[in-house]
Amino acid sequence: MTAAQADLQAEFLEKPEEPRIDRPEVADGAALWRIARDSGQLDLNSSYSYLLWCRDFAGTSAVARSGPDGRPVGFVTAYLRPDRPRTLLVWQVAVDAGQRGRGLAARLLDGLTERVAAEHGVTAIETTITPGNTASERLFSSYARRHGAAVETEVLFERGQFPDGPHDPEVLYRIGPLSV
């Protein structure tokens, strides 16, 4: 073995194991709340809502777990639209700062939609993104390309519709039909 091969082998062996994608559990709610809070991008919901989300929408959400203790390092919360049960509305996507830049958000989104498509026949996803959130715009645009789907956008909620002060508009992204 050459020195270069040994270096590559050592680098490979030192790489941490990829986080595994799983369904969230109620016990994950506090960690999801902390990841959302620390993201600096998301509207932070109450800690109670993350606990409920992990209980009531675990089947349409995903968590990335890392290490032997399986601690959450990223998540996607989503639900099936009641009036469009084949459409998955992605509520929030967040990744722990130490895990960013590794494609984990894309893996979470792909894994979740693959599972929900198989279980519920989902053919489209929707999400809202505030203007200027380029990370989310890139995540969902690349998702659409990977899945051979069209993207349509329109303003869903105008700035003045939010009762709690200044809030950027929320732009709805419709992605579909999916080839999951």
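Trainee: Among contacts between residues at least 6 apart in sequence, what share joins residues at least 24 apart?
Mentor: The share is 65%. Keep in mind that this is a predicted model.

Trainee: How many helices and strands are there?
Mentor: The protein has 5 helices and 7 strands. Starting at the N terminus, the order is α-β-α-α-β-β-β-α-β-α-β-β.

Trainee: What does UniProt say about residues 19-175?
Mentor: The unreviewed entry annotates them as "domain: N-acetyltransferase". That stretch is 32% helix and 32% strand, and its end C-alpha atoms lie 26 Å apart.

Trainee: Now helix α5. What span should its 13 residues have?
Mentor: At 1.5 Å a residue, residues 134-146 should span 18 Å, and the end C-alpha atoms are 18 Å apart, so the two agree.

Trainee: Which residues of α5 are buried?
Mentor: L139, F140, S142, Y143 and A144.

Trainee: And what covers them?
Mentor: The cover includes the strands β4 (84-95), β5 (124-129), β6 (150-157) and β7 (170-176), along with helix α4 (104-120).

Trainee: What follows α5?
Mentor: G148 does, with a positive phi near 60°.

Trainee: How far apart are the mean positions of the positive and negative charges?
Mentor: They are 1 Å apart, for 20 positive and 25 negative charges.

How values were computed:
Residues are numbered from 1 along each chain as its sequence is written. This is a predicted model: local features need pLDDT of at least 70, side-chain atom pairs count only at pLDDT 80 or more; totals for chains, interfaces and linings use all residues. Side-chain values use heavy atoms; hydrogens and water are left out. UniProt positions are given in the numbering used here, feature names are shortened, and annotations may be inferred rather than shown by experiment. Helices (H or I, at least four residues) and strands (E, at least two) are DSSP runs, numbered from the N terminus. The expected span of a helix is 1.5 Å times one less than its number of residues. Buried means under 20% relative accessible area, exposed over 50%, partly exposed in between (1.4 Å probe, protein chains only). Contact means heavy atoms within 4.5 Å. Lys and Arg count as positive and Asp and Glu as negative; His and the chain ends are not counted. The place of a charge is taken as NZ of Lys, CZ of Arg, CG of Asp or CD of Glu.
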